[in-house]
Amino acid sequence: MASHLLLAPQISPPASLASRAAAAAARASSPDPRHRRTSSVRCRRPVLPSSRAFARPELSGRRRGEIRPGSDRTAGVGRVRGGGGLAARCLREGAEGGEERADVADGGKTAQLEKSPLADESLAATCINTIRMLVVDAVNNVNAGHPGSAMGLAPLGALLFAEEMHFDPADPAWPNRDRFILSNGHVCLLQYCLLHLTGYNIQMEDLKQLAKLGSKTPGHPENTLTPGIEVTTGPLGQGFANAVGMAAAEAHLAARLNTADFPDLIDHHTFVLFGDGCAMEGVVQEAASLAGHWGLGKLIAFYDSNQVTIDGSTSLALSEDVIGRLAALRWHVQRVTVRDAADLDAIRAAIREAKRETQRPSLIQVDTVIGFGSPKRQGTSAAHHGAFGEEETKAIRKALHWPYSEPFTVPDKVYQAMHLAAARGQSAAASWRDQAAHYRQCHPDWAALLDALTVPGRLPAGWEDSLPSFSPSTPPDATRGYSEACLNALVHSLPNLLGGSADLASSNKVAFHGLPDFSRGCFEGRNFHYGVREHGMAAISNGLALHSRALIPVAATFLVFSDYMRPALRLAALSAARVLFVFTHDSIGLGEDGPTHQPVEHLPSLRAIPNLHVIRPGNATETAGAYVAAVRRSVGPTAILLSRQKLTAQLEGSSREGVLRGGYVLGGGEGEGEEEGEEEGEGQENGGKRGDGGGGGGGGGGGLDLILIASGSELVLCQEAAEKLRLEGYRVRVVSLVCWELFQQQPQEYRDAVLPPHVTKRLAVEAARSQGWCEWVGPQGSVLSVERFGASGHYLEVFHKFGFTVENIVEQAYKLLGKS
């Protein structure tokens, strides 16, 4: 088939490893501040005072992400015709710079590629058509699925897995593996087939069980179910942004871990496949803009342009030049036409060119035919989803010259060919493990840093002790201010903590003071600036978290803007990604900005997302507890909701331990007439004495008249209201229900101790919609909530307008108690 290769202007690197090392040394000693990272104020490397174990190894001087002098960032691209001839020449000679340059660019894999089974065009064609027929057979077998794009992309998928990527099916989580993300998740059959053929624990029976209940091959990829799946994808565009996060993680780890004697300890690529639908989604624009701005040169994206969506031709709704758009975002762009094995050389050449470009992310537009091989459906939306039927399947076999009539047939030579990639990956993984062990021997002081950044769930001993302590004498501040103090303490004890804000760092107080920014030429920075891109920020953070399941990203904005992040929030929960979402300005209490910025429905809507823990602390101590809970949690995201208005730092009985249980009895006494069994000390096994800051269960509550339940800024109002009611002789308990999800996980005995079932008069107070509160107040309880949009004004006036005052809480309590 004729192929077209669109090449960007060349940026010539040093011609050999020796000259590359010399250039690195020259940069390290150069007086030009652009050539020495340590000379930049924004990129200085901080000393971590809490532990030398997390000190940073000395860099080799190589500046990953550096803009080389004389490089052309804005010049246009040119189209070159030539198909296989040019592609073969690019493979043999590396386009420019000879064989040495090709070896430098691809990590010395050229010799391996010359031995690749796909170099035999006949065998390559058999491998490609095996994938296509497995796809056809799988959708026919279950009468469901999306075969079209998988058939069109079979040549690219075969080449990537057989030649280009390093992975180990026996150790899918090997830290230095190449990452492959399928942003158009409906093409999952392509990936399932490739995982099966290369030796992952995906059996033929799993392919036959596509999308069936309990199978390892769900209808869209799920990283918690299927080995070899990096991220859960399906909603279009999310995987693209996840890939940007993974590429940023690779750059960050390499910048912090690689040394002069171990320059390639962290050195891998992130490959992402996305389609026309993804290209239309706004999250792709946001993430692509940041990837280009940061200069993520190890990110290679394949744009499957088959010009078909579900409704028909993309011309119905898309007329822009997608690769021109990404070129304007500072991406290196190419274009190839792919049909069958004859086009593999063109793909190889494009990938080599992409790997040689280290200063910009690369986009390769792959022009494919959806449903390739289906005489009636190829090139049409009819190929997008659904089974083909017996007659069309016969026609496909004939068109592809497939000699086997039995479904799910895989020739032995295909298994043998594809398993070579697994063997190569196992060898590379074993070599890396040896290298990592040698690294630990040579740099024992930095072994802990290597583990913290690459080993899932590894937290340093005593990290919680770095959090500040608060007392009633601590000056009042907003919980966003207390959060700032917590984050800036944790960043020095948690070397894997990083992140930032969507252009609101000065307002939501999420910034690591004194640490550099993650940026082009400064990938070791831990402050991320996302600009006004909330959706992209959230999805990129998911990629950061899932890269090695070791990094802990923080993503911050106002609570009302969580609406922009909803798809990524949901996928963070579905993917079990440990992301700390920090949402400030959490209620009508933000005041003057008015109802456009005052969240009302957002709190209950976040609680509706499964596996998302939502914590709304009411003071400084609870804010510290929220971070303990969020960091400890390794199987999903946490949303921490913080106030704009100032609150008392410490209420009597507030405790971190209580936050870890989701809800607890606030101290201060419950009034006269406390019965035996409620004395101080009861509930100690549930976290400490009631009233001593231990977050205890509070005993049986036998003599209680009323329970006030609150979260966040309303907690102090309930405490003051309870004191007034106690003065009148009422026995009143105050419960901080700071995290519903954690409270629901507690034993029933503990929950009953905090909220005794026989105490039915309960008043919940929260400045948000009331959805969900009926579970906690019961049929005889009541909720003081906000059931309409807010209003602009000073926050105290707004709170008064909506009834969030001590006086009104007391009045509502009287109604429950039957006092007129």
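What follows covers ring pairs, charges over rings and the contacts of one aspartate.

The model is predicted. A pair of aromatic rings is described by the distance of the centres and the angle of the planes. Rings pair if their centres lie within 6.5 Å. By that rule, the count is 25 aromatic pairs. One of them joins Trp402 and Tyr404, with 5.1 Å between centres and 65° between planes. Planes over 60 degrees apart count as edge-to-face, so this pair of Trp402 and Tyr404 is edge-to-face. The two partners can also be described by accessibility. Trp402 has 9% relative accessibility, so Trp402 counts as buried. Tyr404 has a relative accessible area of 32%, so Tyr404 is partly exposed.

Now take Phe581 and Phe583. Their ring centres are 6.3 Å apart and their planes meet at 5°, so the pair is stacked. The cut-off for stacking is under 30 degrees. Phe581 and Phe583 are both buried.

Rings also link up into groups. Trp294, Phe518, Phe523, Phe528 and Tyr530 form a cluster through ring pairs.

Next come charges over rings. Arg661 places its charged end over the ring of Tyr750, 3.9 Å from the centre. Lys819 lies over the face of Tyr814, and here the distance to the ring centre is 4.2 Å.

Last, the aspartate. Asp178 sits in the loop between helix H7 (154-164) and strand S3 (179-182). Its relative accessible area is 6%, so Asp178 is buried. What lies by its side chain? A polar atom of the Asp178 side chain is 2.9 Å from the backbone nitrogen of His166. The backbone nitrogen of His269 lies 2.8 Å from a polar atom of that Asp178 side chain.

Terms used: Residues numbered from 1 in each chain as written. Predicted model: local features only at pLDDT ≥ 70, side-chain atom pairs only at ≥ 80, totals over all residues. Heavy atoms only, no water. Phe/Tyr/Trp six-rings, centres within 6.5 Å; stacked < 30°, edge-to-face > 60°. Buried < 20%, exposed > 50% of the residue type's maximum accessible area, 1.4 Å probe, protein only. Lys NZ or Arg CZ within 6 Å of the ring centre and 35° of its normal. Helix = DSSP H or I, 4+ residues; strand = E, 2+ residues; numbered from the N terminus. Polar contact = N/O pair within 3.5 Å; in protein donor to acceptor, adjacent residues only side chain to side chain.
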